[in-house]
Amino acid sequence: MGMTQDIAKAKNILDEGGVIGLPTETVYGLAARIDIPSAIEKIFKTKERPFFDPLIVHVSSMAQAQKVAAYWGPVTEILAQAFWPGPLTLVLPKGSSVNPMITSGLESVGIRMPAHPVALEILNKVGTPLAAPSANKFGKTSPTSAAHVRTEFGKEDVFVVNGGDCNIGIESTVLSVKENGREAVLSILRKGHILRSDLEKVLNTKNISYQFVETTDKKESPGHMKHHYMPPVPFIVCKDSKRPLASILQEVNQQLAKLPDEIESIKIVKPKEGLKTITALKLDNDPVLASREFYAKLREAAAAGSDGILFYQESFHDGERWEPLFDRLNKAASLILN
Ligand code: TXA
Ligand code: MG
């Protein structure tokens, strides 16, 4: 089938209340129409995702976004104009038409206009916003290719539109925007390709008053479990790039026995007799390229057949550009060693 037929088929499935694998520039999403409650339910069921973790609403126009949000202020307008389509999710007051299942009962809704041409075309054809979390089982490694999604949901037989490998490779920046027309309070709920400095650069050219705050309220930022993005075998991050493998294996095997239940609950496989073999994960020295390839390399390393995966953190892995990737790396890790 060609792309035109694939897009037509995707639209039919969505219109009939089904879910599809949707390519975006960040990661693949598992998409459904926001106006069909049974379809939204299907997302949670297919992903095995708990209902307390809200979904992002994807739109293809500013008008659609403004209908989903209850308030559209000047700072929201500036950020949407500057960064959409692109990897920025704006968390705004929720419009009354948005099903509370999508927002996990929160009064806010996450909205994003993806930059992938296939995603935009599907959104345009369907004519309704699509809710889409990353297309992986809950807690597992995010998908950056159509093949990843097909492997993840082989049993569920999800139709995936192949839009190629994701260019950004990690999930969007999630930014909460609270404004009243005069001033805005911003907080980054999830780091992503668009950095705080990128946001400031744009905001500083405008005559507006804003401040960034850290969120401490867990309710405002659900879905931030300690363990996330995890491969099926133990993944070890070692902060000492000079530490010999034998010493790492020794400590890993000591600690493995003490791994908390949380990890068991997302079904990580602990080798019975401890780790004997380990596959090294190597990433590009450029943070943008390293982020692009991270999830695919993590999956490859897990498929290599070793008992575990090891990543050495180097001194150059430092600075704002590396932060979004290390957020994922640290959450994907079963153990972080010094
Ligand atoms: O790049 C992305 O954002 C990808 C692609 C498919 O667009 N989607 C994605 O969705 O990463 P997901 O469900 O894996 O992560 C969405 C996260 C939630 O876990 C939650 O932390 C946050 O976005 N979120 C969504 N709505 C929110 C809300 N109303 N308030 C606070 N956080 C919200
Ligand atoms: Mg996800």
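Student: Where is N136 found?
Tutor: N136 is found in the loop between β6 and α6, where the elements are DSSP runs numbered from the N terminus, helices being H or I over at least four residues and strands being E over at least two. This is a predicted model, in which local features need pLDDT of at least 70 and side-chain atom pairs count only at pLDDT 80 or more, whereas totals for chains, interfaces and linings use all residues. Residues are numbered from 1 along each chain as its sequence is written, and chains are lettered from A and ligands numbered from 1 in the order in which they are written.

Student: Is N136 buried or exposed, and why?
Tutor: N136 is buried because 25 other C-beta atoms lie within 10 Å; the cut-offs are 20 or more such atoms for buried, 12 or fewer for exposed, and partly exposed in between, with C-beta atoms placed from the backbone.

Student: Which residues does N136 touch?
Tutor: Leaving out residues up to four places away in sequence, N136 touches T141, S142, P143 and E152, a contact being a pair whose C-beta atoms, placed from the backbone, lie within 7 Å.

Student: And how many Å apart are N136 and D284?
Tutor: N136 and D284 are 24 Å apart in space, C-alpha to C-alpha, and 148 residues apart in sequence.

Student: S142 came up there; what does S142 touch, and where is it found?
Tutor: S142 is found in the loop between β6 (130-131) and α6 (146-152), and, not counting residues up to four places away in sequence, S142 touches V27, S134, N136, E171, Y229 and Y295. S142 counts as buried because it has 28 C-beta neighbours inside 10 Å.

Student: Which residues does UniProt list for "binding site"?
Tutor: The unreviewed UniProt entry lists T26, H58, R112, A132, S142 and S172 under that heading; UniProt positions are given in the numbering used here, feature names are shortened, and annotations may be inferred rather than shown by experiment.

Student: What about H58, where is its place and what does it touch?
Tutor: H58 has its place in strand β3 (residues 56-58), and, with residues up to four places away in sequence left out, H58 touches R112, P114, A119, L123, P129, L130 and A132. Of these, R112 and A132 are also on the UniProt "binding site" list. H58 is buried, with 28 other C-beta atoms within 10 Å.

Student: Switching topic: what domains is the protein chain divided into?
Tutor: The protein chain is divided into domain 1 (3-220) and domain 2 (235-337), with bounds that come from an automatic or database domain assignment. Their centres, taken over C-alpha atoms, are separated by 28 Å, and 15 residues of domain 1 are in contact with 16 residues of domain 2. The side of domain 1 that touches domain 2 has 3 nonpolar, 11 polar and 1 charged residues, where Ala, Val, Leu, Ile, Met, Phe, Trp, Tyr, Cys and Pro count as nonpolar, Asp, Glu, Lys and Arg as charged, and the others, Gly among them, as polar.

Note on methods. Two residues are in contact if their C-beta atoms, placed from the backbone, lie within 7 Å.
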